[in-house]
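Here is a short tour of some helices and loops, written for someone who likes to check geometry on screen. Please keep the viewer open as you read.

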Amino acid sequence: MRARHLTMKGRRRLTAFIMALPMVVVVLVFLGWPTIWTFVLSFTNMTVTGPAARHYHFIGLDNYRRLFSSGSGLTDSIRRSLYYLVVSAYIGQAAFGFLLAMLMQRCARGLRAAVGAIIVVAWLIPEIVIAWMWFVLLSDGGTAQQAASAAGLHYTSWLFTHPMLSVSLANSWRGVAFSYLLFTAALNDVPNDLIEAAKIDGAGASRRLFRIILPLVSTTILVDLVLITLGTLNDFSLIYAMTGGGPGNASSVLSVFMYRQAFVTYQLAFGTAIAVVMLALGALFAVVYIRILRRQGALNLAR
Amino acid sequence: MLPNLTLIVIGVVFLVPFVWLVVAAFQRHPTLQLGGGGGFTFGNFTSVVGAGSFRTALGNSLYLAIGTTVFTTTLAIIAAYPLSRFRSRAQQWFVYVLIFLTGLPIIALMIPAYDFYVSANLINSKFWTVWFLTATSLPFATWIGRSFIDAVPRELEESAWVDGSSRWGSLGRIVVPLILPGISVMAVYTFVNAWSNFFIPLILLQGPNEPAAVTIYGYFSQYGVDYGHVAAFALIYSLPPVLLFLLVSRWVGRGFMLGGAMKG
């Protein structure tokens, strides 16, 4: 009986293993291997790829020494990434998305559906199209300049004068739908009786918000913040297409800094050292996310 | 009244970036400014649809998106099944790793990925780019796939096992039909991401293998571009994600779509 039980367990394990195997192999080959190689290459002096690149050799911590010395551009890039994170994700998407969700609750149904649709469409269309739309809007000779001169104002392309603000505006516009949708769903789950009871007890609007609504949706806010942090820190396409990281390095966030070092000036190994910094940051926030999900019980084993 | 007015203002401001694209797509000779542009026409759409280069780019996007969706959904469902049904310590760790991978900055892997593709002579191949895209979407798809399968009662499968069905059999005949709404969400999510992805094909594909995203990027720095064509092309390229979202959210309900998004 016991032996039979074991073989059954063994067979189940084998089935589980076989079923997970194809997915695991694909992930290991295309994500695992490059992750390991990112670390390995960051200790080399690799420049170009292809046959010539086989001549690279290990140079120890030189890339990191260079990266962490002043003037490498690392601290400026991190500062810009943080600006992008705070302005476009935390203010433009999360805070604005929350206000929008609250506002929508008090608006007419039809209007709510119409504005909701505009916001969601902005979220759905491809990044490169969004970059193009904002590029045309803000560039010299574009629509913003036309509107400014019609109003008698002087306009120099924000892509040159305020590149970080420009890309942050575009990213807020594009991404606010995600936070808005999450918060709308969470706010709908707040029991109405609770709000009414608080009203009767004489709690003002701000008291109701801070004492009842915010505590009830706090988990959603936390999940939203972690998810948009991961998405925004790793964002590359929108910024690179709109400004190319310029003018100069003025909008070169971490991802653009890495890309330019690797694929524009062909210092591939130095680029991987930057990638290691990005991976470390990503890992940090992923761990935070796992902890939140664990606290929520979302990771409990099913049955 | 005040909330409604505020929302109207927000809605109008949100429309602004769309205006040029939609107007220019229907003008004869649009410039970067509004107005002028020489009258209304559908000509931009007909010439874009007729032009070989645009058709190739859209075809490439479709190839990448469909290929990635087929591989991802298939592999993710099969891998999600044991994750939902068999309990072990290894499985718990597997879930952690999956979520961890969901947050992996893919852009940070592009240097060794490029090196790997050049060395293995896989560069500039749509087929192998599909596999990279598949790998990037598998962790999230597997993770939400598990929650879909969790919702299917085990008892439904047990009767099939009694009748001699294997795990594979009950997965295919009982579980998959029941989680079709979930699979459709997973498929749309994967399709839209692969269809829209810019930096992976930017690095792994060139020339005639470029998808629409990379083609449009080429117009940013190009002089003498026919803006009407670009606008019409960008509109056509933007349509599938919007239509697919509408279609699936009608079918499974918006709340359900969001449940999937939130778990990721």
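Helix α4(A) and helix α1(B) are roughly parallel to each other, a label given to angles under 35 degrees, with over 145 counted as roughly antiparallel, 65 to 115 as roughly perpendicular and the rest as oblique. The angle between α4 (residues 109-124) of chain A and α1(B) is about 30°, and their axes are 10 Å apart. Axes here are lines fitted to C-alpha atoms, for helices over the stretch in contact, and angles run from 0 to 180 degrees between N-to-C directions. The crossing of α4(A) and α1(B) is left-handed; that is the word if the near helix is turned anticlockwise from the far one by less than a right angle, and right-handed applies if clockwise.

A word on conventions: this is a predicted model, in which local features need pLDDT of at least 70 and side-chain atom pairs count only at pLDDT 80 or more, while totals for chains, interfaces and linings use all residues. Residues are numbered from 1 along each chain as its sequence is written, and chains are lettered from A and ligands numbered from 1 in the order in which they are written.

Chain B has 13 helices and zero strands, where helices (H or I, at least four residues) and strands (E, at least two) are DSSP runs numbered from the N terminus. Its C-alpha atoms fill a box of roughly 75 × 60 × 30 Å along the principal axes. Of the 264 residues in chain B, 47% are buried, meaning that 20 or more other C-beta atoms lie within 10 Å of the residue's own; exposed is 12 or fewer and partly exposed is in between, with C-beta atoms placed from the backbone.

Back to α1(B), residues 2-25: its 24 residues reach 35 Å from first C-alpha to last, close to the 34 Å expected at 1.5 Å a residue. That expected span is 1.5 Å times one less than the number of residues. A kink of about 45° is centred on Pro17(B), the bend being the angle between axes fitted to the seven residues ending there and the seven starting there. Pro17(B) is also buried, and so are other residues of α1(B), including Trp20(B) and Leu21(B).

Within chain B, how do α3 and α6 pack? Helix α3 (residues 52-85) meets helix α6 (residues 126-150) at an angle of about 40°, with axes 6 Å apart. The two are therefore oblique to each other, and α3(B) passes α6(B) in a right-handed crossing. The contact holds 15 nonpolar, eleven polar and three charged residues; Ala, Val, Leu, Ile, Met, Phe, Trp, Tyr, Cys and Pro count as nonpolar, Asp, Glu, Lys and Arg as charged, and the others, Gly among them, as polar.

Next comes the loop between α5 and α6 of chain B. Ile123(B) lies there, and α5 spans 110-119. Ile123(B) and Leu205(B) are 82 residues apart in sequence, yet 6.7 Å apart in space, C-alpha to C-alpha. Asn121(B) and Asn124(B) sit in this loop too. Neither is a glycine, but Asn121(B) has a positive phi of about 60° and Asn124(B) one of about 65°.

| Residue | C-beta neighbours within 10 Å | Class |
|---|---|---|
| Asn121(B) | 9 | exposed |
| Ile123(B) | 20 | buried |

Finally, in chain A, a cis peptide bond with omega about 0° joins Gly246(A) and Pro247(A). Pro247(A) is placed in the loop between α11 (237-243) and α12 (254-264).
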